[in-house]
Amino acid sequence: MRHNENIRMTGVLEPVLSSFFRLRYTMRIGELANKTGHSVETIRYYEKVGLLPAPQRLSNNYRVYGELHVMRLDFIRRCRTLNIGLDEIRLLLESIAEGSEKGANRAHLLIHQHLETVERQMRELRHLKKSLSELASACCGRHDEKHPCGLLEKLIDPETEHHPCDCEHCHDK
């Protein structure tokens, strides 16, 4: 099922660019994949879900793509590089196509919400790093029968009192 097949890439410039690029549908899917760094399967998936406009078809039913497809795939890649999901990319494309203040405000809100999510994830990752560092400090990594692994002890029972390692390696520090 295609989602909003009429999402346009260029908003106000769409008619001008469409007529300019209409005659330049010259790439087959493999060439488009090579040019954009997307796999053929990904390109077909983006077509299927409506993020990429349907290609022109030749008389032999081969699909041919143009610069408009390259631009769209480059846009999608930039968004994916920013960890923006496909549903959000769809909203951004709709905002571009709409070319209105409302669309711009929607895009602005979406990006700021994404930024807040990233900031929350960074806080969570800092907390995770601190927890892992504390866990790593429970054991020096040298194990023998008389020195249980403090790291494993902490994983089994986080309330276990940390006993500093008394191996020769740790005492030489």
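The buried residues of helix α5 pack against α4 (67-81) and α6 (101-136), where contact means heavy atoms within 4.5 Å and buried means under 20% relative accessible area, with exposed over 50% and partly exposed in between (1.4 Å probe, protein chains only). This is a predicted model, in which local features need pLDDT of at least 70 and side-chain atom pairs count only at pLDDT 80 or more, while totals for chains, interfaces and linings use all residues. Residues are numbered from 1 along each chain as its sequence is written, and side-chain values use heavy atoms, with hydrogens and water left out.

The residues of α5 that are buried are Ile89, Arg90, Leu92, Leu93, Ser95 and Ala97. Helices here are DSSP runs (H or I, at least four residues), numbered from the N terminus. Just after α5, Gly99 adopts a positive phi of about 60 degrees.

What keeps Cys139 from being bonded to Cys149? Their sulfurs are 3.6 Å apart, which is too far for a bond, since a disulfide is a pair of cysteine sulfur atoms within 2.5 Å. The structure accordingly holds zero disulfides. Cys139 counts as buried because its relative accessibility is 17%, and Cys149 likewise counts as buried, at 16%.

How values were computed: Helix = DSSP H or I, 4+ residues; strand = E, 2+ residues; numbered from the N terminus.
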